[in-house]
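Here is a short report on one protein chain.

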Amino acid sequence: MEEMNIAIQVDDVSKVYKLYEKPSDRLKDALHLTKKKPREHHALNHVDISIRKGECVGIIGTNGSGKSTILKIITGVLSPTGGTVTVNGRISALLELGAGFNMEYTGIENVYLNGTMIGFSKEEIDARLQDILDFAEIGEFVNQPVKTYSSGMFVRLAFAVAINIDPEILIVDEALSVGDVFFQSKCYHKFEEFKEQGKTILFVSHDLSTISKYCDRVILLNQGEKLGEGTPRQMIDVYKQVLVGQYKMQQTEADEQTNAGRHTNADGRADAGTQAESRAAESGSRGVSEELEPLEYGTRQATITDYYIEDSRGNTSNTLIKGDEFTVHMTVEFAENLPSPIFAMSIKNPKGIEITGTNTMVEKAFLEPVSAGERKEITFTQRLDLQGGDYLISLGLTGFEGNDFKVYHRLYDVMSISVISDKNTVGYYDMNSKITVRDSKEAKGNVVPYRNKA
């Protein structure tokens, strides 16, 4: 029964490319005229992925991690070196710009070409043609060769075809970044429709906010290997470790700490993770919760040793009133001399979408060197205009050493706040609009009619 619920199954898939120093070496290898072995590049290395029907799954990772390769193997564009792929359902794929299109054909001809490749008859494409053209909105250009299209027009037509041929599985590889904001909005609205219809969506994107908003689950690839899978918030936090080169070090530290049986700094003091647990036990009012499972990593050249939230009346509390000021406090101890540390704070919603944040470099609040043994108290005070609800707070301590960006200590999702509100508007923030309504006769003469020039 479980197998019937699987849309895509990737089992132990590898993709290996042979790299040659010069073209003649490739020919000699093909003809077995040389014993010199080419170098091998593992674009994918024994990757397993299982995607259930009706899921919206995102794949993230740095450039060269194998994201596009796995999509091409799933869609049949590439063959794996090893392993198997099983797909249950009709796939519509929007991969690289231009994939599946003949540049000499007109837009209309490419619509029929793509539909035929997917398995539709001419009559079935005829029935969907007007929907495709209405969605693409490229006018008379549909009768021109696509080689004359701008990148924006091209992606409009390609996505219109992919989305309107009633696929059971939609696969998209970063192509939407080319379209304008109005077209992107229309595409994501279609994503929502697909999800409501119980269809499967698999897409690659570097837009982490989009990943957080639309995905039920996220898969993280790095250098051809699957590092993990989980909720968008979990995987995005791990991805940020990978971006700053902290992931492997974090794993090593975790192993060492497990072997030692406790978390300690080099001088034997309990580290910030243990201190956070202690603070949580002491007082839930600080917003620290054992259920948050904060992510912690960094070089530890400096450490965030304490943090809490204070409301407008000076009370330590994570229950805050919308419209009031509140302050995030953190204490930092320095183990080494640092040229110019940057102190940061950010706020996310429970799905992991970053709502806002700032740091001392952006605010030009602190641009000074510090010495080993120093201790700094940092406060972030701001008016709370977030809508009512629950949010997560992350803290960071970073800096530049020459041209190198360093993460000294990060604590993701280390505290929570609950915002109490008697007026929730649309979105994340209240714009605090001043609204006036006047009789139309009084307003006449002051009103400039809006005309869309598009």
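## Cysteines

How many disulfides does the count come to? The model is predicted, and the count comes to zero disulfides.

C56 and C215 show the reasoning. The sulfur of C56 has its closest cysteine sulfur in C215, 4.4 Å away. A disulfide needs the two sulfur atoms within 2.5 Å, so this separation is too far for a bond. C56 has 0% relative accessibility and counts as buried. C215 is buried too, with a relative accessible area of 4%.

## Overall build

The protein has 454 residues, and 44% of them count as buried. Its secondary structure consists of 11 helices and 18 strands. The accessible surface comes to about 24300 Å². Carbon and sulfur atoms hold 49% of that surface.

Taking contacts with a separation of 6 or more, 72% are between residues 24 or more positions apart.

## Nonpolar cores

In soluble globular proteins, nonpolar side chains tend to be buried together. Here the largest nonpolar core has 47 residues. Which of them touch the most other members? They are I60, L157, F159, F191 and F203. Helix α5 gives the most to this core, with 10 residues.

F203 is worth a look in the viewer. Neighbours within four places in sequence aside, F203 contacts C56, V57, G58 and I59 among others. Its contacts also include V172, F191, T210, I211, Y214 and C215.

A second, separate core has 32 residues. Among them are I304, I355, L395 and V419.

## Aromatic pairs

The count of aromatic pairs comes to seven. One of them joins F101 and F154, with ring centres 5.0 Å apart and planes at 45 degrees. Why is this pair called tilted? Planes under 30 degrees apart would count as stacked and over 60 as edge-to-face, so 45 degrees makes the pair tilted. The two residues are 53 apart in the chain. F101 is in the loop between β5 (91–94) and α3 (107–118), while F154 is in helix α5 (residues 151–164). F101 counts as buried at 11% relative accessibility. F154 counts as buried at 6%.

Y297 and Y412 form another tilted pair, at 6.1 Å centre to centre and 45 degrees between the planes. Y297 lies in strand β10 (residues 295–297) and Y412 in strand β18 (residues 404–420), so the pair ties together parts 115 residues apart in sequence. Both tyrosines are buried. Elsewhere, ring pairs link F334, F343 and F366 into a cluster.

## Lysines over rings

Two lysines sit over phenylalanine rings. The charged end of K186 is over the ring of F135, 4.8 Å from its centre. K199 lies over the face of F194, at 4.9 Å from the ring centre.

## Helix α2

Is α2 mostly covered or mostly uncovered? Helix α2 (residues 67–75) is mostly covered, with seven of its nine residues buried. The buried residues include two lysines, K67 and K72. T69, I70, L71, I73 and I74 are buried as well. Just after α2, G76 takes a positive phi of about 90 degrees.

## Backbone and loops

Most residues other than glycine have a negative phi. H46 is not a glycine, yet its phi is positive, at about 55 degrees. H46 is placed in strand β2 (residues 39–52). N432 also has a positive phi, near 50 degrees, in a residue other than glycine. N432 lies in the loop between β18 and α11 (440–443). Its relative accessible area is 30%, so N432 is partly exposed.

G388 lies in the loop between β16 (375–383) and β17 (389–401). G388 is partly exposed, with a relative accessible area of 26%. Where does G388 make contact beyond its neighbours within four places in sequence? G388 contacts V419, S421 and N424. The C-alpha atoms of G388 and S421 are separated by 4.9 Å, though the residues are 33 apart along the chain. V419 is also a member of the second core.

Terms used: Residues are numbered from 1 along each chain as its sequence is written. This is a predicted model: local features need pLDDT of at least 70, side-chain atom pairs count only at pLDDT 80 or more; totals for chains, interfaces and linings use all residues. Side-chain values use heavy atoms; hydrogens and water are left out. Rings of Phe, Tyr and Trp (its six-membered ring) pair if their centres lie within 6.5 Å; planes under 30 degrees apart count as stacked, over 60 as edge-to-face and the rest as tilted. Helices (H or I, at least four residues) and strands (E, at least two) are DSSP runs, numbered from the N terminus. Buried means under 20% relative accessible area, exposed over 50%, partly exposed in between (1.4 Å probe, protein chains only). A charge sits over a ring if NZ of Lys or CZ of Arg is within 6 Å of the ring centre and within 35 degrees of the ring normal. Contact means heavy atoms within 4.5 Å. Accessible areas come from the Shrake-Rupley method with a 1.4 Å probe; for residues, only the protein chains shown count as cover. A nonpolar core is a set of buried Ala, Val, Leu, Ile, Met, Phe, Trp, Tyr and Cys residues joined through side-chain atoms within 4.5 Å.
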